[in-house]
Amino acid sequence: MSAGILTGSLCGCAVYRKCGWSGCPGDARITAEVRTRLNQYPELEPPNLIYVQTLDRVVYLTGQVNTDTERLLAKSVALEAPEVTRVVNSINLSYQGR
């Protein structure tokens, strides 16, 4: 599965003021944990593409998957990671999955 840190900007101005551009303590650990958990699900592997970013213990998921079931699975898996307070699921369905 391809997963990476979202390089685009998310609405995190309040988080920047609180933690700086590098994020809050623990955010990188949460992102790594969510990626590890997502990698345990073959149905989320390529051609699906899921990006993970964490800001102040809120996980942001973006990318594309083939089905709504896969989209919901990704959110559920992310919510199970320790210290995650919320998941914002902005994953889109690919053209093939519609």
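Reply: Start at Asp56, in the hairpin of S2 and S3. The hairpin has 2 residues between its strands, and Asp56 takes a positive phi near 55°. Helices (H or I, at least four residues) and strands (E, at least two) are DSSP runs numbered from the N terminus.

Before going further, some ground rules. This is a predicted model: local features need pLDDT of at least 70, side-chain atom pairs count only at pLDDT 80 or more, and totals for chains, interfaces and linings use all residues. Residues are numbered from 1 along each chain as its sequence is written, and side-chain values use heavy atoms, with hydrogens and water left out.

Now the strands. S2 and S3 pair in the antiparallel sense, over 7 bridges. Pairing requires that DSSP find at least two bridges between two strands. Leu49 stands opposite Gln64 in S3. Gln64 also has a bridge partner in S4, namely Asn92. S3 and S4 pair in the parallel sense, over 8 bridges.

S3 is largely enclosed by the rest of the structure, because 7 of its 8 residues are buried. Buried means under 20% relative accessible area; exposed is over 50%, and partly exposed lies in between (1.4 Å probe, protein chains only).

Go back to Asp56 and look across. The C-alpha atom of Gly26 is 8.2 Å from that of Asp56, although the two residues are 30 apart along the chain. Gly26 sits in the loop between helix H1 (13-19) and H2. With 17% relative accessibility, Gly26 counts as buried.

The expected span is 1.5 Å times one less than the number of residues. Buried in H2 are Asp27, Ile30, Thr31, Val34 and Leu38. They cover an arc of only 100° around the axis, so they lie on the same side of H2. The arc is that of the directions from the helix axis to the C-beta atoms. S2, S3 and H3 are among what covers the buried residues of H2.

H3 (residues 68-79) also has 12 residues; they should span 16 Å at 1.5 Å a residue, and the end C-alpha atoms lie 17 Å apart, which agrees. Glu70, Leu73, Ala74, Val77 and Ala78 are the buried residues of H3. They fall within an arc of 130° seen down the axis, so they line one face of the helix. They pack against helix H2 (27-38), strand S2 (49-55), strand S3 (58-65) and strand S4 (86-93).

Last, the whole chain. It has 3 helices and 4 strands, in the order β-α-α-β-β-α-β from the N terminus. Of its 98 residues, 40% count as buried. Take the contacts (heavy atoms within 4.5 Å). Of those with a separation of 6 or more, 70% join residues 24 or more positions apart.

How far does the predictor trust it? The mean pLDDT, a confidence from 0 to 100 for each residue, is 84 for the chain, and 77% of residues reach 70 or more. Among the elements, H3 has the highest mean (98) and strand S1 (residues 2-4) the lowest (42). Residues 1-15 have pLDDT below 50, yet this stretch has 32 contacts in the model beyond near neighbours in sequence.

Definitions and conventions: pLDDT is the predictor's confidence in each residue, from 0 to 100.
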